[in-house]
Amino acid sequence: MRIVAEGLTYTYNPKSPFASKALDGVDLTIEEGEFFGIIGHTGSGKSTFVQHLNALIRLTGGSLHVGEYDLADKKCKFLELRSKVGMVFQYPEYQLFAETVEKDVAFGLKNFRKGMSEEETAAAVKEALETVGLDYAKVRNKSPFELSGGQKRRVAIAGVIVTKPEVLILDEPAAGLDPLGKRELMELLHSIHGGWCKTVVIVSHDMDEIAENCTHAAVFSDGKVVMCGKPSEIFARADELLALGLDIPVTAKCAQVLKARGYAVDTDFTCDDFAQKVLALWEKEGGSNA
Amino acid sequence: MLNDVAFGQYYPAKSFVHNMDPRAKIVLVIAFIVAIFLAKNFLGLAAVILFLILVVILARVPFGRVLRSVKMVLFLIIFTAILNLFFYSSNSELHILWQWKFITISWEAIINMLFLALRLFLLVMGTTILTLTTTPVSLTDGIESLLTPLKWIRFPVHELALIMSIALRFIPILTDETNRIIAAQKARGADFETGGLIKRAKAMIPVLVPLLVSAFRRAEDLGDAMDARCYSGAKGRTKYKKLTFTWRDLLGLLLLAGLITGVVFLNIYFGGKFDVIGWFVA
């Protein structure tokens, strides 16, 4: 599903002294198949934007199309849309509520696919739990509250992907995870991306994460999209990002240092590519004087 | 609607009333309520209304904003008023307008209903202005200070104030949390808007359980944080914000004293609320 936003505007607490404009004319297109990163500091409007995508926040200004759904249309089938656009919130483990893991994961299915048989539900739950790397037989009857933090998050993600959404949105999915957990999470996202899940959108502060994983990205600032394109294009404008108060990936930092010493590295800022380009440069320069 | 609760009622502005000492404001509200119940006729209530209008103007809060807060209790006012209309019995046969079995409507009942509704309305208005112009924190500071004498009978005033301010502080946090959980469950297809009462109540379980869990988690964190900063109760604690009684507070108290005096005079010179019936019935 292609996502097209034009002139998206949103104000919290309108007409009150606490009014704050979260989105101020956002134009953004996310093509089907992209692994899209949304970057921006706190309060830049990125979370507000992604909550528009499955109509958790109703459109108040501008237009937004998600696949065939026109979100400005009051007759739009929002429930159907939500089953196709999955949303994993920040710290999703805080949404767990049921007595058992199995019931919690099945919650979305019960809401979206009314009339689904018990066997089908159990099969879908099993598949979702296995996708996130949990042992169905072991965890299904456990209470979600007795699991470890990382496991809770997996259960919560399973609860969203159990309906196999075509678009999966994750708000700071790696926040609070240890390095191994982060790596495993990203591997998980890549494993489902391209299958039933066509598009992945992640909101992140972690520039290395964006540089390593995303095919496209957009930078939000003050409710507007200030940059949009491939990560290589965005991180090539490192100075602008730093001026916005954002970070840049380690590779971009190294590239800046090298540039200051007279070595231009033409890289897409993934670790692999950066290392290759630097090695190539080193060999070209003689390589022996090190 | 949840966002309304988040900031309490507080309406930020710079005004005479906003700058008053919270203790003075609390005392004034109590005195204001006394004035409402002292008034025995409509003229007295009119004086109270005039006073209220003056206060709203001084507080620089839009009238619409004040009325909006009253809207929530409007149902209660109307309900009480209607009960009074049907079940208030008149002494005079002449004044009965309509009768059916044990239900009668009399002139007295109508007057009584209007009087009661007006009183309740003014009562809510008065307390609303207090919460509109005073932040919850200074309100608890004020209450703590006013309750200080109770320390002599070993009443835990400081602890009570602490509990109150923590509760108030957590309202916006838990509201945020509630909104987040609601959004997360909606994203999983939860439906909070349709169905009957029982279905809707059941739909709240996926919100209430995580909310409760997170409230306990936060309470533990807060307890640890207070321990870490060596919190040990009221003993030897000083205040960050000292409350001071100023000319504004004195002027406010004088004005209200004037109002009460006026109401008493009107009571003496203009009889009771039922006198108006004489205008309609010979």
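Trainee: What makes β1 and β4 of chain A a pair, and in which sense do they run?

Mentor: This is a predicted model, so everything here is computed from it. Two strands pair if there are at least two bridges between them. Strand β1 (residues 3-12) and strand β4 (residues 61-66) of chain A have 5 bridges, in the antiparallel sense. They therefore pass the cut-off of at least two bridges. One of the contacts is Glu6(A), whose bridge partner in β4(A) is Ser63(A).

Trainee: Which sheet of chain A holds β1 and β4?

Mentor: An open sheet of 4 strands, in the order β2-β1-β4-β5 (chain A). Its pairing is antiparallel.

Trainee: Why are β2 and β5 of chain A called edges?

Mentor: β2 (20-30) and β5 (69-70) of chain A each have a single partner strand, so one side of each has no neighbour in the sheet.

Trainee: What is the strand order in the open sheet of 6 strands of chain A?

Mentor: The order is β6-β7-β8-β3-β9-β10 (chain A), and the pairing is mixed. β6 (85-88) and β10 (224-229) of chain A are the edge strands, as each pairs on one side only. From one strand to the next, the twist averages 15°.

Trainee: How do you know that β7 and β8 of chain A pair?

Mentor: Count the bridges. Strand β7 (residues 167-171) and strand β8 (residues 199-204) of chain A share 5 bridges, in the parallel sense. The cut-off is at least two, so they count as a pair. Within it, Leu170(A) stands opposite Ile202(A) in β8(A).

Trainee: Which helix lies across β6 and β7 of chain A?

Mentor: Helix α6 (residues 149-161) of chain A does, running at about 165° to β6(A).

Trainee: Why is Glu172(A) called partly exposed?

Mentor: Glu172(A) has 19 C-beta neighbours inside 10 Å. A buried residue needs 20 or more, and an exposed one has 12 or fewer. The value falls in between, so Glu172(A) is partly exposed.

Trainee: Which residues touch the most other members of the largest nonpolar core?

Mentor: Val105(A), Ala128(A), Ala158(A), Ile169(A) and Val201(A), in a core of 81 residues. α6(A) gives the most to this core, with 6 residues. Both domain 1 (3-247) and domain 2 (249-290) of chain A supply at least three residues each.

Trainee: How do you know that Val201(A) is in contact with residues elsewhere in the sequence?

Mentor: The cut-off for a contact is C-beta atoms within 7 Å. Leaving aside neighbours within four places in sequence, Val201(A) is in contact with several residues, including Ile30(A), Phe36(A), Val50(A) and Ile169(A).

Trainee: How far apart do the C-alpha centres of domain 1 and domain 2 of chain A lie?

Mentor: They lie 34 Å apart. In the contact, 8 residues of domain 1 meet 9 residues of domain 2 of chain A. On the domain 1 side, α8 (207-213) and α9 (231-235) of chain A each give two or more residues. The largest share, 4 residues, comes from α8(A). By class, that side has 5 nonpolar, 1 polar and 2 charged residues.

Trainee: How many residues of chain A and chain B form their contact?

Mentor: 23 residues from chain A and 21 residues from chain B. On the chain A side, α3(A) gives the most, with 4 residues. That side has 14 nonpolar, 8 polar and 1 charged residues.

Terms used:
Residues numbered from 1 in each chain as written. Chains lettered and ligands numbered in written order. Predicted model: local features only at pLDDT ≥ 70, side-chain atom pairs only at ≥ 80, totals over all residues. Axes fitted to C-alpha atoms, helices over the stretch in contact; angles between N-to-C directions. Contact = placed C-beta atoms within 7 Å. Domains from an automatic or database assignment. Nonpolar A, V, L, I, M, F, W, Y, C, P; charged D, E, K, R; others polar. Core = buried A, V, L, I, M, F, W, Y, C linked by C-beta atoms within 7 Å.
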